[in-house]
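Student: I am new to this structure and would like to understand the words used for it. Could we go through them one at a time?

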Amino acid sequence: MLARSTFVTRALSGTSFAIPLATTRLCPPVPPAKEMVLPESPKTKLTSQGLFSLLQTKRHSATAYTHNVPVRHSHTDVKVPDFSDYRRSSSSDPRSPASSAMASRAFTYMLVAGGGIAAVHGGKNLVVDFLSSMSASADVLAMAKIEIDLTAIPEGKNAVFKWRGKPLFVRHRTQDEIDDVNTVDVNSLRDPQADTDRVVKPEWLVLIGVCTHLGCVPIANAGEFGGYFCPCHGSHYDASGRIRKGPAPLNLEVPTYEFPDDSQLVVG
């Protein structure tokens with residue numbers, strides 16, 4: 001019944017004529033694509049010049065093996081900076097080993113460090129020598145202090161010593177001289193100063209024997225007041241070294257001194 005149908009008959013006949021043979025190929029076979037093998041890129045050092053050459057090589061290789069197919073590269077307009085002016089001549093070639101450049105750099109560092117240490121040491125010695133030249137010499141230091149044996153100076157006598165290039169008076173005063181200088185009215189003096197302010201021990205008077213007028217050396221146990229007298233211009237000092245008469249404006253100077261014991265005096 002279906003075979004006699006006109007519609008079905010036409011469909012079956014059309015199908016049989018459209019594909020007469022099931023194994024017939026409509027187009028020739030397409031050969032399988034060959035795997036693309038890129039040549040191994042040479043090892044390049046990670047420097048600006050090496051990276052730039054590697055980028056150019058990859059770009060040309062990719063273009064050649066893609067059969068002129070357009071390849072997009074990002075940031076192709078970026079210019080790689082050239083540091084050739086800052087590089088050493090020994091390390092400008094990226095193909096040369098870096099061992100020689102590192103050895104040269106280590107030698108440079110050692111040379112600079114050694115020169116710096118030598119310069120610091122020499123500067124230190126120069127400063128020390130300069131400061132030593134400004135300090136007092138051995139003979140000056142030896143004269144800075146003087147030790148005096150007090151047992152060699154009898155009572156009522158005045159001994160003269162040389163200290164720092166100046167005459168030094170050491171007077172062993174009697175009790176009468178001590179009482180006499182203590183009875184003087186301090187306010188009546190030209191350079192008011194009590195006797196107790198000028199001595200450490202009442203029986204010992206220590207003075208610099210230079211007149212305060214014009215630098216003359218007074219004479220001991222002389223003058224109107226029994227102390228010191230300057231014959232150059234007539235200045236009279238008492239037994240405490242205070243100016244009592246004459247042109248001298250000030251009392252005789254009292255240096256720094258001490259008594260380590262009862263028989264020894266150290267001045268300076």
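Student: Where is the place of Asn221?

Tutor: This is a predicted model, and in it Asn221 lies in the loop between strand 5 and strand 6, the latter covering residues 226-230.

Student: Why is Asn221 called partly exposed?

Tutor: The relative accessible area of Asn221 is 41%; buried means under 20% and exposed means over 50%, so a residue with 41% falls in between and Asn221 is called partly exposed.

Student: What is the phi of Asn221?

Tutor: Asn221 has a positive phi of about 55 degrees, although it is not a glycine. That deserves a remark because most residues other than glycine have a negative phi.

Student: Where is Arg164, and what is its phi?

Tutor: Arg164 sits in the loop between strand 2 (158-163) and strand 3 (166-172), and, while not a glycine, Arg164 has a positive phi of about 55 degrees.

Student: What makes Arg164 partly exposed?

Tutor: With a relative accessible area of 47%, Arg164 is neither under the 20% cut-off for buried nor over the 50% cut-off for exposed, and therefore the term partly exposed applies.

Student: What makes strand 5 and strand 8 edge strands?

Tutor: They belong to an open sheet of four strands, which has the order 5-6-7-8 and antiparallel pairing. Within this sheet, strand 5 (219-220) and strand 8 (243-245) each pair on one side only, and these are the edge strands.

Student: How many helices and strands does the chain have, and what share of its residues is buried?

Tutor: The chain has five helices and ten strands, and buried residues make up 20% of its 268 residues.

Student: How confident is the predictor in the chain?

Tutor: The mean pLDDT of the chain is 78, and 68% of the residues reach 70 or more. Over residues 11-22, however, the pLDDT is below 50, and this stretch has zero contacts in the model beyond near neighbours in sequence. Residues 61-67 also have a pLDDT below 50, but that stretch has six contacts beyond near neighbours in sequence.

Note on methods
Residues numbered from 1 in each chain as written. Predicted model: local features only at pLDDT ≥ 70, side-chain atom pairs only at ≥ 80, totals over all residues. Heavy atoms only, no water. Pairing = 2+ DSSP bridges. Helix = DSSP H or I, 4+ residues; strand = E, 2+ residues; numbered from the N terminus. pLDDT = per-residue confidence, 0-100. Contact = heavy atoms within 4.5 Å. Buried < 20%, exposed > 50% of the residue type's maximum accessible area, 1.4 Å probe, protein only.
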